[in-house]
Amino acid sequence: MQVGRWNHQSTSNTTNYSRPAGKQFSRSPSRSGGYSGSRPSFGSRGRAPSRGGNRGGFGSFGTTEAEISKFMNRAVVTTEEPVFVPEHTFADFDINEHLKKNIIARGYEAPTPIQDKTIPHALLGQDVVGLAATGTGKTAAFLIPLIDKVMKQKGERILIMAPTRELAAQTEKELAGFAKGLGFRGMVAVGGTNIGPQISQLKHDPAFVIGTPGRLKDLIERKALDLSGFGTVVLDEADRMLDMGFIDDMRLILGKMKKERHTLFFSATMGKEIERLIGDFLTSPVIISVKTRDTPSSVDQDVVRIPRGKDKFEMLVELMNDRDFNKVLIFGRTKYGVEKIAKDLSRRHIHAESIHGNKTYSARIRALDAFKTGKVGALVATDVAARGLDIPAVSHVINYDLPSTYEDYIHRIGRTGRASLKGRALTFVQDR
Ligand code: AMP
């Protein structure tokens, strides 16, 4: 039996961050890795912030002790996860042989749970609801059967809708890897970038159009995109698209497609609205859930208490000067704040890039690449800009500003501790 990366989930959850309560934040950076002595007070439970002041910002999650306790997860010493044994190997699937070779060439040995369960149904043309977050391998779960479909059914055209430009670009990149030498095209249709080249690309009738709802709608309105020949659609991170207010655009776009549609629907969460969407858009779907827990056990989580009157930026600088913090994703709340943190870090000789909605698409991609390739050690991001990003080996996630909701928190910390690596998440909590 083949055993893939996803099977090795035994994690040792001991953490370095446990500090005695009340230790104060000092400015003596230690290069030794880990913290000792007069280091910041991680997870001290001494002072209970009151709800009233809400200094974490308007509508923040993490302003009560009960909520703050959700940012800590150090209790478990060793957790043995049940080993996932896939029912299939990639060789088992009745898919194009060249595609199989490309899958192997990408280093995929065995299907992840969502792939193992989704691919057979998608290959049969069944509608699928996949309840799976980023990091589970959901992208390949829909790309593999759909590439095969394009190879088997001449003229088949596929629309993939994603909430953010970054996710769309990442999906296209993965598509390009799987589709090497197969002789069809995919294109990205997202906003924040010149629409002209996208209109030109659409004239070549690409088999895959991967886009965000706003730009897709724009292209439809300009008569550059005619969806009447599209019979397959993927709604990726549907819950996120809903959160971002894309519901009307999504309905409009789906309404322009073939009536007889093959629909694959992915969401990290299931709620009333998501259920309604599924009821409206899918036909007798197979529902596959691989979501077993809401916080990844591969992520050590802790809070960093910032004593009253202390500057949290100085705390960030101190952490960043530790060599363990080598690939750090920092979350800020506003576009302006994120830009300022990145600039201020760079001024302190900590090379940082930023991604947020005020940056052009190409500037965001450049920033992301600089972070991915290790040219800069820190990327400062807003929640929306970072959604769905797959960045290998992020060492730490720092919640510089509190997330708005617990769900946002889960999404944030899911950027680290991926693909069998261990990650760390630290949340700044300002004492008041
Ligand atoms: P996703 O959830 O689609 O964002 O995928 C998360 C990461 O896992 C990506 O870097 C994928 O390339 C990788 N991945 C997906 N499926 C597999 C697999 N079967 N074996 C190894 N890596 C995979």
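The ligand is surrounded by 15 residues, the closest being Y108, Q115, G135, T139 and D390; a residue is near a molecule if one of its heavy atoms lies within 4 Å of it. The model is predicted: local features need pLDDT of at least 70 and side-chain atom pairs count only at pLDDT 80 or more, whereas totals for chains, interfaces and linings use all residues. Residues are numbered from 1 along each chain as its sequence is written, and side-chain values use heavy atoms, with hydrogens and water left out.

**Ligand surroundings**

By class, the shell around the ligand comprises four nonpolar, seven polar and four charged residues. In this scheme Ala, Val, Leu, Ile, Met, Phe, Trp, Tyr, Cys and Pro are nonpolar, Asp, Glu, Lys and Arg are charged, and the others, Gly among them, are polar. Among the polar contacts (pairs of N or O atoms within 3.5 Å), a polar side-chain atom of Y108 lies 2.5 Å from an oxygen atom of the ligand. Polar backbone atoms also take part: that of A110 is 2.9 Å from a nitrogen atom of the ligand, and that of T136 is 3.0 Å from an oxygen atom of the ligand. On its own the ligand has 500 Å² of accessible area, of which the protein covers 91%; accessible areas come from the Shrake-Rupley method with a 1.4 Å probe.

**Salt bridges**

The structure holds 20 salt bridges, each defined as a side-chain nitrogen of Lys or Arg within 4 Å of a carboxyl oxygen of Asp or Glu. One network of salt bridges links K138, D236 and E237. Three individual pairs are listed below.

| Pair | Closest N to O distance |
|---|---|
| D344 and K340 | 2.8 Å |
| R347 and D344 | 2.9 Å |

Helices are DSSP runs (H or I, at least four residues), numbered from the N terminus. E97 and K100 both lie in helix α2 (residues 97-105), three residues apart, about one turn of the helix. Relative accessible area classes a residue as buried under 20%, exposed over 50% and partly exposed in between (1.4 Å probe, protein chains only). E97 is exposed because its relative accessibility is 51%, whereas K100, at 13%, counts as buried.

Helix α12 (residues 335-347) contains both D344 and K340, which are four residues apart, about one turn of the helix. R347, also in helix α12, is three residues from D344. D344 counts as buried because its relative accessibility is 16%. K340 is partly exposed at 41%, and R347 is exposed at 59%.

Note on methods. Helices (H or I, at least four residues) and strands (E, at least two) are DSSP runs, numbered from the N terminus. A polar contact is a pair of N or O atoms within 3.5 Å; within protein, one must be able to donate a hydrogen and the other to accept it, and residues adjacent in sequence count only if both atoms are side-chain atoms.
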